[in-house]
Amino acid sequence: RSFATPTLDNSNPRIPPYLKLAKNYEKVKEVLGKGRALTLAEKILYSHLDNAEESLLTNTNGGRDIRGTANLKLKPDRVAMQDASAQMALLQFMTCNLPSTAIPASIHCDHLIVGERGAKEDLEAGIKTNQEVFDFLESAAKKYGIEFWPPGAGIIHQSVLENYAAPGLMMLGTDSHTPNAGGLSTIAIGVGGADAVEALVGAPWELKAPRVLGVELTGKLNGWASPKDVILNLAGQLTVRGGTGFIIEYFGSGVDTLSCTGMATICNMGAEVGATTSLFPFNSAHVRYLEATHRHDVAAEAQKFSDIVHLGADKGAHYDEVVTIDLSTLEPHINGPFTPDLSTPLSQFKETVKQQNWPEKLSAGLIGSCTNSSYEDMTRVEGMVREAMEAGLKPASDFYVTPGSDQIRETLRRDGPLETFKEAGSTILSNACGPCIGQWKRNDDVQKGTPNAILTSFNRNFKGRNDGNPGTMNFLASPEIVTAMSFAGSTTFNPMTDSLTTSSGKEFRFTPPSGLEIPPQPFESARPEFRAHAQAPDPSVEIAISPSSERLALLEPFDAFPASELSGLRVLVKVTGKCTTDTISAAGPWLKYKGHLPNISANTLNTAVNAETGEVNSARDVDGSPHTIPDLARAWRERGQPWLVVAEHNYGEGSAREHAALQPRYLGARLVLAKSFARIHETNLKKQGVVPLTFADEADYDRIAACDEVETVGLLDMLRNGGRGEVALKVRKHGSGSGSAEDFLIKTRHAVSEDQAGFILAGSALNLLAQQQGR
Ligand code: SF4
């Protein structure tokens, strides 16, 4: 093969560096043997290795046991950051004192706009409220040469799909739904800001080689089933932890029946099962989408690259596990409430609602967001809305539409669906996250605490996530099912079997939806004010942070690990049940403090459930006095009392939110001891110098309690030995004297790699990077 074929077109940074990747891939094949069959995930990951030989052969039994074992040092091609997480990522990047980012990057202002009255008013209000943050982000983008997407331009994952995602590309995003780009055959991984900074400074980014879960799709979707139902069904099968440590790779004849945006929806929600990322093989749907989004050059170069590496799994490639879904027999699913893996087929939903005593009245239906606002989604829904309106019907519930970007919004305006939604009385929100991330100011009709049901085509449904009301049950479904139920105003309506009655007393039944994969003409361009500003770095730009700001604060480095074991730690709180990153660092109104670590720390664990009292946000000091968890943590910080949290399974589930690691660290946490961790959060803890340990024997969870005193045994040696060695915890029960017979030892496990041991010893990954930059 000649590797001169793909052009490395430096004039367009949106074309992946295919020549470099092809050469690296050739090296990988030499190391692994030309006849070795690889999955697509392996091909893309390994072609991004910094040092293929070392990564693939060190401790891997001659390259035979890479997955789940090797620590891959990867060089991603690009980074994307959303406004909430970009603040901390950039504050961290600033401490490295570099003139520009080493790889292309983008900032997307999407999370801070509150959805209430409609796009125009909400956007104006959002800009006014968050001006200081947007000014900071824009000034940092100018200084370091980062593309800046202003508020209203779109939601990060939709903008990435429309502009940056490309077959064979590898990117990091400071948001857990970054895998959305896997729908365009991109390896896209959600990370915290500290990981993003590593990529931004050009350092290799480390990832334990994921195992590969193959999902074989057969048949063809029909009737009411949509791509969303593939992932809703899969989430039910795998549960929220089932994808942990895996890349989900789709294959099979059913793949070629899906649209590119449908594949993106499926990949987007791979985050809900804890997968590292999700990915589809390159096919003609990708070419059609790239061309419709004005990227003929990317499509042409991707095709050439695929001629060399074949952007699909090799024949005979081995998957660690395989799940098969027959699209032909798949029925719509509805997942929730409160967890995305509680999956109920539509045909059983009515009965389940009644059995579970869930609300039958639907208080609101919301469609769109980064997960489901494609042209295909919206044209399928438009057909339903038009048909229902022609029969004299209007949505019986409040109905909201969130376009994912201004490009899709303008295309929907040009081609008609937007007008149809308006005629039906829906509220068109701004091209931003809004209700999906707690930025939803609802009508006064639902009081806080009141149980009520909403249906959304979003991806996540933890308690309080949408409107801050713990009584709101969010059921996830396709936009079509959300729309049908919104017209009915009922959670028990099944559009496949039930009819609605029109004002003239006639029976109306929706016909199964149909739509267009891409618009008949290429997508309309975004309005000028909502386009990205690409710019060369400008060192003369002053970064805008006021010293008196309540929302932005420069970072102080964390202290290094002591030259001894950790001793005198106390258990701040033992939490029970789900402890997601939302639990550890809530969103909603707290989003406003994302760039101010001391201020946002006031929400730390404030929705966690105390295992010993059953109370939310409650902890006891050593003298028995009651406090909120963040208040006690702050008091202990001030007293110089280091602490740990004890938790159950999948601690840190949900998102890449690094504040969930930064805040406890800032307040004095040195350890988290849990039954298990969510992958991204576990990495984030290590990056911030907090040691995540799991119980070797889960029964020990019952023995340790709040205020118990803890000393590590073997931790310092393990860190100094690059992650090798065992760690135990010596526990002294609260109130017992020194050397008490009640003292006991807890054996633990850890997953600290050599690099991560270095982060912890230095105090944080950033401390280590700064040390390296200074050398
Ligand atoms: Fe925004 Fe929701 Fe998408 Fe996250 S999942 S990027 S909050 S729309």
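Pairing here asks for at least two DSSP bridges between two strands, and strands themselves are DSSP runs of E with at least two residues, while helices are runs of H or I with at least four, both numbered from the N terminus.

How does the chain get from β14 to β15? The path goes through helix α13 (residues 375–390), and this β-α-β crossover is right-handed; that is, with the strands pointing away from the viewer, the path from the first strand over the helix to the second runs clockwise.

Strand β15 (residues 398–402) has five of its five residues buried, so it is largely enclosed by the rest of the structure. Asp-398, Tyr-400 and Thr-402 point one way, Phe-399 and Val-401 the other way, and all are buried. A residue is called buried if 20 or more other C-beta atoms lie within 10 Å of its own, exposed if 12 or fewer do, and partly exposed in between, with C-beta atoms placed from the backbone.

## The model and its overall form

A friendly reminder before going further: this is a predicted model, in which local features need pLDDT of at least 70 and side-chain atom pairs count only at pLDDT 80 or more, while totals for chains, interfaces and linings use all residues. Residues are numbered from 1 along each chain as its sequence is written.

The chain has 24 helices and 30 strands. Its radius of gyration is 25 Å, close to the 28 Å that the globule rule gives for 775 residues, so the chain is as compact as a globular protein of that length. That radius is taken over C-alpha atoms, and the rule is 2.2 Å times the number of residues to the power 0.38. Along the principal axes, the C-alpha trace spans about 80 × 65 × 55 Å.

Of the 775 residues, 57% count as buried. Among contacts between residues at least 6 apart in sequence, 78% join residues at least 24 apart; a contact means C-beta atoms, placed from the backbone, within 7 Å.

## Around the ligand

The ligand is surrounded by 14 residues, and the closest are Ser-369, Cys-370, Cys-433, Cys-436 and Ile-437. The cut-off is a C-beta atom, placed from the backbone, within 6 Å of the molecule.

By class, this shell has seven nonpolar, five polar and two charged residues. Ala, Val, Leu, Ile, Met, Phe, Trp, Tyr, Cys and Pro count as nonpolar, Asp, Glu, Lys and Arg as charged, and the others, Gly among them, as polar.

Helix α7 (residues 193–200) is mostly covered, with eight of its eight residues buried. Asp-195 and Glu-198 are among them. After α7 comes Gly-202, whose phi is positive, near 90°.

Helix α21 (residues 679–687) is also mostly covered: nine of its nine residues are buried, including Arg-679, Glu-682, Lys-686 and Lys-687. Gly-689 follows α21 and has a positive phi, near 85°.

Not counting residues up to four places away in sequence, Asn-461 touches Gly-336, Pro-337, Phe-338, Thr-339, Pro-340, Asn-474 and Leu-476.

Conventions. Two residues are in contact if their C-beta atoms, placed from the backbone, lie within 7 Å.
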